[in-house]
Amino acid sequence: MSKWHHLTDDMLVAAYQDGCDDAFDELLYRYKDKLFSYIFYTVRNKNLAEDLFQEVFCKVITTLRDKRYTAKDRFYPWLLTITHNMIMDQFEREAQMTVISNDAVDIDLFGGTEDCGTAADREHEAAERLDDICRLIDCLSEEQRQILRWRIFENIPFKEIAEREHISINTALGRMRYALLNMRRLAVERDLQPYVC
């Protein structure tokens, strides 16, 4: 049993905001099963549920670190609200992809009314984009590069990444978040607008 188990959620939040990662690990332990079950039973897809679960905790980490948490004595309902909003955003993205697909029409919906080009043109453009992304990744710190490769290219769960690196899940999620933020910043600096989201 953790030495933190007797503390309230808000006490754990305060301890985490004071720099104690173990306090966040206790919050994660306290709610991870309930939260994952809620996500999984809503989306009915294990891989998507894992991704959304990780996104939720990235958002939670960011909010707590920035000291923007204001739901005093209501941590779990606040957590459920974030989770619900993430799930709704995902459903909305899926609906948009179903309704508007660039491959389903003869014009380029995002670049004008010209022909989308041949398959070879599209393949060449995709290769150029991948090359741009790889160059952005190369600009990151080694820690951020490694976590990005494991998570994005090898689809390794954050829990396993944390074990490999001998760090907390919280630290792994934080490194991933900063890697993505740095890539967005670099994309803007280099005028690679398609990669900015």
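The exercises below work through aromatic pairs, charges over rings, cysteines and one leucine in a predicted model.

Residues are numbered from 1 along each chain as its sequence is written, and side-chain values use heavy atoms, with hydrogens and water left out. Because the model is predicted, local features need pLDDT of at least 70 and side-chain atom pairs count only at pLDDT 80 or more, while totals for chains, interfaces and linings use all residues.

**Exercise 1.** Find how Phe36 and Phe40 are arranged.

Step 1. Rings of Phe, Tyr and Trp (its six-membered ring) pair if their centres lie within 6.5 Å; planes under 30 degrees apart count as stacked, over 60 as edge-to-face and the rest as tilted. The count by this rule is 11 aromatic pairs.

Step 2. For Phe36 and Phe40 the centres are 6.4 Å apart and the planes 10° apart, so the pair is stacked.

Step 3. Both residues belong to helix H2 (residues 21–43), four residues apart, about one turn of the helix. Helices (H or I, at least four residues) and strands (E, at least two) are DSSP runs, numbered from the N terminus.

Step 4. Phe40 also pairs with Tyr41, edge-to-face, at 5.6 Å centre to centre and 70° between the planes.

Step 5. One aromatic cluster is formed by Tyr16, Phe24, Phe36, Phe40, Tyr41, Phe53 and Phe57.

**Exercise 2.** Classify Phe36, Phe40 and Tyr41 as buried, partly exposed or exposed.

Step 1. Buried means under 20% relative accessible area, exposed over 50%, partly exposed in between (1.4 Å probe, protein chains only).

Step 2. Phe36 has 25%, so Phe36 is partly exposed. Phe40, at 27%, is partly exposed. Tyr41 has 54% and therefore counts as exposed.

**Exercise 3.** Which rings have Lys34 or Arg164 over them?

Step 1. A charge sits over a ring if NZ of Lys or CZ of Arg is within 6 Å of the ring centre and within 35 degrees of the ring normal.

Step 2. Lys34 lies over the face of Tyr76, 5.1 Å from the ring centre. The charged end of Arg164 is over the ring of Trp150, at 5.0 Å from its centre.

**Exercise 4.** How many disulfides are there?

Step 1. A disulfide is a pair of cysteine sulfur atoms within 2.5 Å.

Step 2. The count by this rule is zero.

Step 3. Cys58 has 17% relative accessibility and so counts as buried, whereas Cys139 is partly exposed at 39%.

**Exercise 5.** Describe the surroundings of Leu28.

Step 1. Leu28 is in helix H2 and is buried, with a relative accessible area of 7%.

Step 2. Contact means heavy atoms within 4.5 Å. Leaving out residues up to four places away in sequence, Leu28 touches Phe53, Phe57 and Ile169.

Step 3. Leu28 and Phe57 are 29 residues apart in sequence and 8.3 Å apart in space, C-alpha to C-alpha.
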